[in-house]
Amino acid sequence: MSPRLTRWIETNFPHGSVEPVLQALRDLRPGVVAGQDPERIQASLVIRTGGDWQAFRQRLALAETDWRDSLAGAGLGNEDWRECLNAVLGNV
């Protein structure tokens, strides 16, 4: 888990949800990450949730079915995903 993604989660999720979100992201099955950049997949599950635990759980379930839908839904499905991620999380 990258420090910038952790920071984003700590800022945008309510205090009681932070650790469960972080743990769920740490525990993603290899099939969900599917050889992609882990930060890209992890961020796709949180950045469009508005810090809402239920929205996160829905995105997590979607990723279990097809991780590509998570990327597309978060605006990280195209070749410019690094720039998009930097815009949301800040530069590395």
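Guide: Start with helix H2 (residues 15-26) and helix H5 (residues 53-65): their axes come within 11 Å and cross at roughly 10°. Axes here are lines fitted to C-alpha atoms, for helices over the stretch in contact, with angles from 0 to 180 degrees between N-to-C directions. H2 and H5 are therefore roughly parallel to each other (angles under 35 degrees count as such). On the H2 side, the contact (heavy atoms within 4.5 Å) is made by Ser17, Pro20, Val21, Ala24 and Leu25. H5 contributes Trp53, Phe56 and Leu60. By class, this contact has 7 nonpolar residues, 1 polar and no charged. Ala, Val, Leu, Ile, Met, Phe, Trp, Tyr, Cys and Pro count as nonpolar; Asp, Glu, Lys and Arg as charged; the others, Gly among them, as polar.

The model is predicted: local features need pLDDT of at least 70, side-chain atom pairs count only at pLDDT 80 or more, and totals for chains, interfaces and linings use all residues. Residues are numbered from 1 along each chain as its sequence is written, and side-chain values use heavy atoms, leaving out hydrogens and water.

Now the whole chain. It has 7 helices and 0 strands, taken as DSSP runs (H or I, at least four residues; E, at least two) numbered from the N terminus. Of the contacts with a separation of 6 or more, 66% join residues 24 or more positions apart. Buried residues (under 20% relative accessible area, 1.4 Å probe, protein chains only) make up 45% of the 92 residues. The C-alpha atoms fill a box of roughly 35 × 30 × 20 Å along the principal axes.

Conventions. Angles under 35 degrees count as roughly parallel, over 145 as roughly antiparallel, 65 to 115 as roughly perpendicular and the rest as oblique. Buried means under 20% relative accessible area, exposed over 50%, partly exposed in between (1.4 Å probe, protein chains only).
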